[in-house]
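This briefing sets out the ligand surroundings, the sheet and the domain arrangement of the structure shown below. The points are grouped by topic.

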Amino acid sequence: MSYLSWENLAVGYPNKHPLIHPFSGEVNQPGIYAVVGQNGCGKSTLLKTWLGLIKPLRGKVCINNMPIPNAHDISQGIAYVPQFHAVNRYFHLTVQDFVKQGFGPHHNLMESDIEKILNTLTEWQLAGYEKRSFHELSGGQKTRAMIARAIISKPKMLFLDEPLASLDSCCQLQLMDTLFELSKEKKVCIFMIDHHFENFESYISGKITFTRRHDQETSVVFI
Ligand SMILES: Nc1ncnc2c1ncn2[C@@H]1O[C@H](COP(=O)(O)OP(=O)(O)OP(=O)(O)O)[C@@H](O)[C@H]1O
């Protein structure tokens with residue numbers, strides 16, 4: 001089964017040069033796939049292009065062997081944890097309602113679901129914050145709430161944009177252990193951008209590396 005594949009893919013923004021030299025790849029095994037490279041080389045842009053949030057400048061992306069014409073079609077089974085500062089700061093949902101979104105818009109919420117939300121919040125050191133407004137949380141707390149929301153949605157694919165940067169070392173380890181378990185036991189395929197994999201190399205199944213050489217286009221290699 002192909003989780004994600006991309007062919008001759010160039011990413012970037014309209015009326016600008018592509019950020020990367022076109023490249024192809026396919027991921028057909030669950031695991032944690034690290035996306036690494038210097039600041040500003042295009043990692044977040046690649047992630048958003050894979051998710052269908054940004055149109056490729058060239059090439060195509062398939063999820064579960066299906067081309068992604070728009071994000072709405074692919075949202076089932078896919079969770080995205082953006083950088084915490086990318087979330088609208090005027091977002092006035094309570095933390096509990098924010099995490100509840102993980103069940104999806106059509107889910108009929110039961111007593112056991114509320115219990116699950118509260119347990120997940122406790123697991124991520126957010127007990128007591130459930131009635132607080134999401135935008136009042138610290139950066140690390142926002143990241144943990146976004147992780148809780150993603151995990152509650154029971155994704156088959158999970159995309160995370162630099163979650164380790166805002167977490168303390170204890171939460172970093174908790175996150176990596178959780179992701180590792182999800183990939184092994186629930187066969188979740190995880191793509192994760194970060195600059196802090198040095199302590200977690202053994203968790204990684206594959207790497208997508210951006211390399212920018214002076215005066216040349218950035219090349220991307222998937223190993
Ligand atoms: N909406 C946008 N319109 C035009 N250019 C953009 C837009 N968003 C980002 N860029 C530019 O695209 C380039 C790549 O940005 P991107 O956020 O993908 O980098 P990154 O590798 O994730 O960086 P970092 O490690 O700093 O988070 C940067 O030069 C950035 O200024």
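The residues around the ligand are Y13, L19, G37, N39, G40, C41, G42, K43, S44 and T45. The model is a predicted one. By class, three residues of this shell are nonpolar, six are polar and one is charged.

**Sheet**

- An open sheet is formed by six strands, ordered β6-β7-β8-β3-β9-β10, with mixed pairing.
- The edges are held by β6 (78–81) and β10 (219–222); each has a single partner strand, so one side of each is left without a neighbour in the sheet.
- On average, and with direction ignored, neighbouring strands of this sheet are turned by 10° against each other.

**Strand pairing at β6**

- Four bridges join β6 to strand β7 (residues 157–161), and the two strands pair in the parallel sense.
- Within this part of the sheet, V81 stands opposite L160 in β7.

**Helix on the sheet**

- Helix α6 (residues 169–185) packs on the sheet, where α6 touches β3 (31–36) and β8 (189–193).
- The direction of α6 makes about 130° with that of β3.

**Domains**

- The protein chain is divided into domain 1, comprising 1–76 + 160–165 + 191–223, and domain 2, comprising 78–154.
- A distance of 25 Å separates the C-alpha centres of domain 1 and domain 2.
- Eight residues from domain 1 and seven residues from domain 2 take part in the contact.
- On the side of domain 1 that touches domain 2, four residues are nonpolar, two are polar and two are charged.

Notes:
Residues are numbered from 1 along each chain as its sequence is written. This is a predicted model: local features need pLDDT of at least 70, side-chain atom pairs count only at pLDDT 80 or more; totals for chains, interfaces and linings use all residues. A residue is near a molecule or strand if its C-beta atom, placed from the backbone, lies within 6 Å of it. Ala, Val, Leu, Ile, Met, Phe, Trp, Tyr, Cys and Pro count as nonpolar, Asp, Glu, Lys and Arg as charged, and the others, Gly among them, as polar. Two strands pair if DSSP finds at least two bridges between them. Axes are lines fitted to C-alpha atoms, for helices over the stretch in contact, and angles run from 0 to 180 degrees between N-to-C directions. Two residues are in contact if their C-beta atoms, placed from the backbone, lie within 7 Å. Domain bounds come from an automatic or database domain assignment.
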